[in-house]
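Let us take a walk through a protein together. Have the sequence and the 3D view ready, and turn the model as you read.

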Amino acid sequence: MSVKLTGSCYCRNLEYVVELDSTDDARTSLCHCHNCKKAFGGNYGLTAKVPKDSFKYTKGKPKEHAADNGSGTLLHREFCDNCGSFILEYGEEAKEHSRYICVGSLDDPEALPPKGEFFTKNRLSWMPPVPNTFQKQEIKD
Ligand SMILES: [Zn+2]
Ligand SMILES: [Zn+2]
């Protein structure tokens, strides 16, 4: 069953839709790496990997930031230049096929629950693993 999800930044200058054949086409994961901590301003990043063409902005134009993520990959991040909300990211190698949407920017974040966790070696000591999800010490792809 196809699904249509909507999302926006905090001030709603940016709005978007994600159209998937099924929620199985999205892979939500937590990432505990240092870049995600900085970018999200929290103790982990929460993104849903979706096919590039399933995502489109319906309002506004994001600001883009691109930099080496520290391991030689150029990481692109898109966010609202008015309120600062982080909307999505993708590595240079994923550019043509995937987008990693910040799950909290969805109007209904409950729609895409997590399937796993990356960089669990960097998980803060007070946070328990999410039950029934895959656990990877490192690698986010
Ligand atoms: Zn905004
Ligand atoms: Zn990360």
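To find our way we need names for the pieces: helices (H or I, at least four residues) and strands (E, at least two) are DSSP runs, numbered from the N terminus. What you see is a predicted model, in which local features need pLDDT of at least 70 and side-chain atom pairs count only at pLDDT 80 or more, while totals for chains, interfaces and linings use all residues. Residues are numbered from 1 along each chain as its sequence is written, and chains are lettered from A and ligands numbered from 1 in the order in which they are written.

Start with the overall picture. The protein has one helix and eleven strands, and along the sequence they follow the pattern β-β-β-α-β-β-β-β-β-β-β-β. Its C-alpha atoms fill a box of roughly 40 × 35 × 30 Å along the principal axes. The radius of gyration is taken over C-alpha atoms, and the globule rule is 2.2 Å times the number of residues to the power 0.38. For 141 residues, a compact globule would have a value near 14 Å, and the protein agrees, with 14 Å.

UniProt, in an unreviewed entry, places the feature "domain: CENP-V/GFA" at residues 5–120. Such positions are given in the numbering used here, feature names are shortened, and annotations may be inferred rather than shown by experiment. That span is 6% helix and 47% strand, and its end C-alpha atoms lie 28 Å apart.

Now look at how the strands line up. Strands of a sheet pair through backbone hydrogen bonds, either parallel or antiparallel. Here, two strands pair if DSSP finds at least two bridges between them. Eight strands form an open sheet with mixed pairing, in the order β6-β7-β8-β9-β4-β3-β10-β11. At the edges stand β6 (63–68) and β11, each with a single partner strand, so one side of each has no neighbour in the sheet.

Find β4 in that order. Five bridges join β4 to β3 in the antiparallel sense, with threonine 28 opposite alanine 48 in β4. Five bridges also join β4 to β9, again antiparallel, and here proline 51 stands opposite serine 98 in β9.

Another pairing involves β1 (residues 3–8) and β2, which run antiparallel over six bridges. Lysine 4 has glutamate 19 in β2 as its bridge partner. The hairpin of β1 and β2 has six residues between the strands, and arginine 12 in this hairpin takes a positive phi near 70°.

What lies inside? A residue is buried if 20 or more other C-beta atoms lie within 10 Å of its own, exposed if 12 or fewer, and partly exposed in between, with C-beta atoms placed from the backbone. Buried residues make up 33% of the 141 residues. Six of the seven residues of β4 are buried, so this strand is largely enclosed by the rest of the structure.

A nonpolar core is a set of buried Ala, Val, Leu, Ile, Met, Phe, Trp, Tyr and Cys residues joined through C-beta atoms within 7 Å. The largest one here has 30 residues, of which Val18, Cys31, Val50, Ile87, Ile101 and Cys102 touch the most other members. Two or more residues each come from β2 (15–20), β3 (27–31), α1 (34–40), β4 (45–51), β8 (86–91) and β9 (98–102). The largest share, four residues, comes from β8.

Two residues are in contact if their C-beta atoms, placed from the backbone, lie within 7 Å. Leaving aside neighbours within four places in sequence, cysteine 102 is in contact with Leu46, Thr47, Phe86, Ile87 and Leu88. Across the protein, among contacts between residues at least 6 apart in sequence, 52% join residues at least 24 apart.

Finally, visit the loops. Cysteine 33 sits between β3 and α1, and this cysteine is buried, with 20 other C-beta atoms within 10 Å.

Most residues other than glycine have a negative phi. In the loop between β10 (114–118) and β11 (134–135), phenylalanine 119 has a positive phi near 50°. Asparagine 132 lies in the loop between β10 and β11 too, and its phi is also positive, about 60°. Which of these residues is buried, and which is exposed? Phenylalanine 119 is buried because 22 C-beta neighbours lie inside 10 Å, whereas asparagine 132 is exposed, with 9.
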